[in-house]
Amino acid sequence: MAIVWQKQTADQLYEVRTAGNSVRLYTSGVFHSQWNPSRPLAGHIWDLLFLPAMFYVSPRQLDNAIVLGVGGGTVINLLNYFIAPKKIQGVDLDATHLSIAKRFFLDDSKNVTLHKANACSYFTKIDNQSVDFIVEDLFCGAQNDPSEAIRAVPMDEQWLSALAQSLTSAGILVVNFEDAKQLRQAFSKKTIVASGFESVYRLTTPQYENAIGVCLKKHCDKKVFNQNLERFILSRPKTKRSDLKFALTRVV
């Protein structure tokens, strides 16, 4: 693995590394992003953040997506490769991450706009029921160990409500949790119903402890998900079924 770029600030070490055709972003030892244009899906956690788009009855109807916590922009690249929404907004508080994303990860897509902003404050400017797909991937280094990634924003009722209110009537919220226990604590049936969601699924993969919560404003079953998986992902070039390693479970 070769380091192709690095930057040391007062409290962070940023590194862009390459391994074969892959480019990777590390921040103070935390592995934030990986992208390989010749192998879009590689069994990493970012695959799970994108896959819930397959719960749309027709993923091509997904027009407006927001990614909170851009990192290098892997999820943005996945959305564009498989669906190409009309508009993708990326929000990150770290200006260096956004600069790295533009320089090393993202192509010059006209549908992508990046914003340096606090994600919670940013949502005060979003019109209600205007977003089809939200990915909430807000992580930071732990205070006692910066190389350990932990959630940066608690998924409490106030934050869940703010995200839910921004979604269209068929919108989808995707949230990265540290583990399944954290997901269950955040997404009780009472909280989910109060926020206007009809169902919740959990996505996991053997390589990580993370659990991805998928909140659906309009319920969609696994049959539709699997049909879209075949049509929009497994039929595409550079994609193999063996590249997808995940378990999908209904929670609510």
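A residue is called buried when its relative accessible area is under 20%, and exposed when that area is over 50%, with partly exposed in between. Keep that in mind for the views below, which all come from a predicted model.

**Figure 1. The whole protein, before we zoom in.** Let's start with an overview of the predicted model. The protein contains eight helices and 14 strands. Its C-alpha trace spans about 45 × 40 × 35 Å along the principal axes. Of the contacts with a separation of 6 or more, 65% are between residues 24 or more positions apart. The accessible surface comes to about 11,700 Å², and carbon and sulfur atoms account for 47% of that surface. As for charge, there are 29 positive and 23 negative side chains, and the centres of these two sets lie 6 Å apart.

**Figure 2. Helix α5 and its buried face.** Helix α5 covers residues 157-165, and its buried residues are W159, L160, L163 and A164. Looking down the axis of α5, these buried residues fall within an arc of 135°, so they line one face of the helix. What does the face turned away from the buried side carry? There you will find the exposed residues E157 and Q158. The buried residues of α5 pack against several other elements: the strands β5 (64-68), β8 (131-136), β10 (149-151) and β11 (167-177), along with the helices α4 (119-122) and α7 (189-194).

Figure 3. Is N210 buried or exposed? Its relative accessible area is 16%, which is under 20%, so N210 counts as buried. Leaving out residues up to four places away in sequence, N210 touches I45, F139, N176, F177, E178, D179, L203 and T204. For a sense of distance, look for T191: N210 and T191 are 19 residues apart along the chain, and their C-alpha atoms are separated by 21 Å.

**Figure 4. F139, a contact partner of N210.** Here we move to F139, which is found in strand β9 (residues 139-141). With a relative accessibility of 19%, F139 counts as buried. Which residues does F139 touch, not counting residues up to four places away in sequence? They are A149, I150, R151, A152, N176, F177, E178 and N210. The residues N176, F177 and E178 are also on the list of those touched by N210. M54, by comparison, is 85 residues from F139 in sequence and 24 Å from F139 in space, C-alpha to C-alpha.

Figure 5. F55 sits in the loop between α1 (45-50) and β5. At 3% relative accessibility, F55 counts as buried. Setting aside neighbours within four places in sequence, F55 is in contact with I172, Y201, V214, L216, C220, D221, F225 and L248. How many residues apart along the chain are F55 and N228? The answer is 173 residues, while their C-alpha atoms are separated by 7.7 Å.

**Figure 6. S28, in the loop between β3 and β4.** Look for S28 in the loop that joins β3 (22-27) and β4 (30-35). Its relative accessibility is 19%, so S28 counts as buried. Apart from neighbours within four places in sequence, S28 is in contact with D11, Q12, L13, P146 and S147.

**Figure 7. Two loop residues with positive phi.** Q129 is found in the loop between α4 and β8, and K238 is in the loop between α8 (222-234) and β14 (247-250). What is phi near in Q129? It is near 55°, a positive value in a residue other than glycine. K238 also has a positive phi, of about 70°, although K238 is not a glycine. Q129 counts as exposed, at 55% relative accessibility. K238, at 48% relative accessibility, counts as partly exposed.

Technical notes
Residues are numbered from 1 along each chain as its sequence is written. This is a predicted model: local features need pLDDT of at least 70, side-chain atom pairs count only at pLDDT 80 or more; totals for chains, interfaces and linings use all residues. Side-chain values use heavy atoms; hydrogens and water are left out. Helices (H or I, at least four residues) and strands (E, at least two) are DSSP runs, numbered from the N terminus. Contact means heavy atoms within 4.5 Å. Accessible areas come from the Shrake-Rupley method with a 1.4 Å probe; for residues, only the protein chains shown count as cover. Lys and Arg count as positive and Asp and Glu as negative; His and the chain ends are not counted. The place of a charge is taken as NZ of Lys, CZ of Arg, CG of Asp or CD of Glu. Buried means under 20% relative accessible area, exposed over 50%, partly exposed in between (1.4 Å probe, protein chains only). The arc is that of the directions from the helix axis to the C-beta atoms.
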